[in-house]
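Here is a short report on one protein model. It covers sheets, helix packing and pockets.

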Amino acid sequence: MLMQLLKKGHLRLKTPFMKKILFMLAPLIVLMVAFRPVTSHTVSGKVIDETGSPVAGATVSVKGTAQGTVTKADGSFSITLPKPEMTLVISAVGYKQVQVAVKGRSVINVTLKLMENRLEEVVVIGYGGRTKQEISGSYYKNITGAPQGYYDGRYSGDLETNFNTEGYDNITENRFLRVTDNPLSTFSIDVDAASYSNVRRFINDGELPPAGAVRIEEMINYFKYDYPQPDGDKPFSINTEISDAPWNKAHKLVLIGLQGKKIPVGNLPASNLVFLIDVSGSMSSPNKLPLVKASMKMLVDQLRQEDKVAIVVYAGAAGLVLAPTSGADKTKIKEAIDNLGAGGSTAGGEGIKLAYKTANKYFVKGGNNRVILCTDGDFNVGESSDDAMERLIENERKSGVFLTVLGYGMGNYKDNKMQKLADKGNGNHAYIDGMSEAKKVLVNEFGGTLFTIAKDVKLQVEFNPAKVAGYRLIGYENRMLAKEDFNNDKKDAGELGSGHTVTALYEVIPAGVKSSFLEKVDDLKYQKNVTPLSKSSHTDEIMTVKFRYKAPDGDVSKLIEHPVRDKQIALAKTSDNFRFAAAVAQFGMLLRNSEFKSDASYDEVVTLARRAKGKDEEGYRTEFIRMVENAGELAKNHKKEPATEGISKIPAFHK
């Protein structure tokens with residue numbers, strides 16, 4: 001202002017004194033201009049497809065930053081930029097990515113075009129060996145290869161031409177069991193959802209996932225279900241529903257749903273968190289450490305003054321880079337995160353020991369004490385074998401410190417190891433394939449991910465042989481328990497978080513229905529053959545479900561019994577909960593090529609899911625439908641060819 005007055009001649013320097021004052025003020029004026037506040041800029045708009053339909057769940061991010069948001073069910077979004085001259089990156093499953101220069105605009109509407117894909121042939125040579133693509137100018141991937149290139153707003157690593165070392169355990173599907181021989185079915189709950197986002201990553205990259213990556217219970221439990229909140233001081237409500245199995249009309253499908261009590265964030269106990277971050281050389285690609293840093297900063301934004309965060313890192317060795325710091329000091333915590341860099345080998349065991357030591361040193365009695373491990377699971381120094389890591393975690397969990405395992409990356413992602421760590425550490429496991437998934441796990445589901453309301457939750461189902469000839473539990477293969485484990489309080493089981501839902505499905509063969517799935521065994525010589533109960537015995541009950549659980553800091557379990565009456569309703573009249581869970585289960589069986597899929601089809605999955613989409617405010621169910629459609633196209637083009645020794649041909653889907 002002063003300079004403008006001088007320039008226009010309205011202010012004249014008539015005395016040396018005035019000149020002296022001007023020269024004294026000049027540095028101050030320069031500083032005020034240099035450090036004037038930068039005005040943020042908010043952009044809102046809508047993302048639609050070429051037909052004009054809204055695209056829910058699309059990622060809208062600010063290019064060159066970790067800032068982003070996700071479109072709502074109506075395709076709308078709103079995002080605040082540091083400055084008006086920036087670029088937005090918009091992407092969604094099955095659509096071409098779009099970049100838009102903001103140029104000071106406040107409203108930006110975007111139309112996404114469908115991704116054009118083409119099939120190419122990949123030759124896989126040997127088990128776990130190098131892969132070779134016969135089409136010139138392309139890189140090579142094997143059957144469990146990682147996505148390459150940026151897609152759906154999720155990070156992807158550099159193109160890899162060497163080995164793919166991703167690790168998945170073999171899953172032996174639960175079979176149908178005769179009720180007369182096996183009246184009890186016992187298992188632990190599972191709130192993990194890592195399998196779903198990992199499967200999504202494969203399909204987004206144009207590949208059907210390996211069977212070992214498809215854990216159907218985790219795919220079902222990725223989604224929220226509209227179960228009622230529990231009454232009184234109970235930690236969860238129990239909900240059941242029965243109808244026909246969509247893929248086999250001769251069978252019934254029984255849904256068991258748990259709804260964890262949702263505790264308002266303000267009422268949650270104080271947190272003592274230790275971020276245990278893998279900074280080894282394997283974490284250097286964009287979909288790993290940079291994504292870890294961005295997602296951890298999102299979590300920091302959710303913390304309160306009474307919460308504390310420490311940061312432990314590990315590569316060739318482990319170290320404490322941030323002592324416990326109040327959640328109110330977000331700048332200090334984020335600066336420590338920003339300063340992390342990747343390099344070196346991976347001494348995971350040492351990192352875990354230091355993280356638990358730190359958590360125990362600052363243990364909050366009655367609080368939420370938790371280690372949050374961020375890694376690709378590729379441990380290779382010190383205690384790194386599955387057995388050694390499991391024993392280490394089992395020993396550390398006795399302290400009352402819980403574990404959350406967040407998996408990142410592809411190409412060397414060790415899904416099997418991550419599962420074991422979470423299971424043994426009284427914890428949960430999520431796979432973070434991009435900022436939208438980080439937001440879901442660490443922001444939208446903050447309480448469920450980090451705050452346990454019940455631990456060692458077990459279910460035991462007793463079937464009524466007058467109603468049921470045989471049954472099988474869909475999924476939960478790595479959560480099965482012996483019937484004796486149900487009453488054994490020393491036996492570890494799954495944890496339920498604040499607001500979490502858990503859904504399990506049983507496929508049931510009604511009494512009197514003949515089925516090839518029920519395999520016969522010879523009559524026993526020394527045992528009395530058991531005959532089904534008469535139809536007059538408990539005729540209105542198909543099964544009884546028993547639950548055991550402990551308080552987060554308890555050692556003695558509580559028992560709840562819930563009889564299920566045979567009140568079957570037509571599939572079309574079932575709840576959205578039932579039909580959508582059935583659609584996801586059917587999709588999982590197709591991906592696994594299950595021997596029990598019967599008449600399942602991708603078209604049936606899409607039809608069932610569309611009719612059960614419900615409100616879908618966050619767009620996750622809409623995204624699921626698009627993913628099933630993409631997988632259906634992949635499956636149509638998946639032609640099996642006879643393999644020669646050491647060489648097999650598979651189709652891969654390339655953008």
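## The antiparallel sheet

S10 and strand S21 (residues 468–473) run antiparallel, joined by 2 bridges. Strands pair here if DSSP finds at least two bridges between them. Helices (H or I, at least four residues) and strands (E, at least two) are DSSP runs, numbered from the N terminus. Leu-177 stands opposite Tyr-471 in S21. This is a predicted model: local features need pLDDT of at least 70, side-chain atom pairs count only at pLDDT 80 or more, and totals for chains, interfaces and linings use all residues. Residues are numbered from 1 along each chain as its sequence is written, and side-chain values use heavy atoms, with hydrogens and water left out.

The pair belongs to an open sheet of 5 strands in the order S10-S21-S23-S13-S12, with antiparallel pairing. Strand S10 (177–178) and strand S12 (236–245) stand at the edges, each with a single partner strand, so one side of each has no neighbour in the sheet. H12 lies across S12, strand S13 (248–260), S21 and strand S23 (501–510). H12 runs at about 115 degrees to S13. Axes are lines fitted to C-alpha atoms, for helices over the stretch in contact, and angles run from 0 to 180 degrees between N-to-C directions. Contact means heavy atoms within 4.5 Å.

## The mixed sheet

An open sheet of 3 strands has the order S4-S1-S7. Its pairing is mixed. Strand S4 (76–81) and strand S7 (110–112) are the edge strands, and each pairs on one side only. From one strand to the next, the twist averages 30 degrees.

Strand S1 (residues 41–49) pairs with S7 in the parallel sense, over 3 bridges. Asp-49 stands opposite Leu-112 in S7.

## Two packed helices

Helix H5 (residues 289–300) packs against H10 at an angle of about 35 degrees. Their axes are 9 Å apart.

H5 brings Leu-291, Ala-294, Ser-295, Met-296, Met-298 and Leu-299 to the contact. H10 brings Met-435, Ala-438, Lys-439, Leu-442 and Val-443. By class, the contact has 9 nonpolar, 1 polar and 1 charged residues. Ala, Val, Leu, Ile, Met, Phe, Trp, Tyr, Cys and Pro count as nonpolar, Asp, Glu, Lys and Arg as charged, and the others, Gly among them, as polar.

## The largest pocket

The largest pocket holds about 1100 Å³ of space. On a 1 Å grid over the protein atoms alone, a pocket is an open set of points where a 1.4 Å probe fits, with protein on both sides within 12 Å along at least five of seven lines; lining residues have an atom within 4 Å of a point. Grid points are joined across faces, edges and corners, and a volume is the space filled by probe spheres set on the points.

Of its 46 lining residues, Phe-223, Lys-224, Tyr-225, Thr-501 and Glu-618 are the closest to the centre. H10 gives the most to the lining, with 5 residues. The lining has 15 nonpolar, 18 polar and 13 charged residues.

## The second largest pocket

About 800 Å³ of space lies in the second largest pocket. Its lining counts 31 residues, with Phe-402, Lys-455, Pro-552, Asp-553 and Gly-554 closest to the centre. S20 gives the most, with 4 residues. The lining divides into 8 nonpolar, 9 polar and 14 charged.
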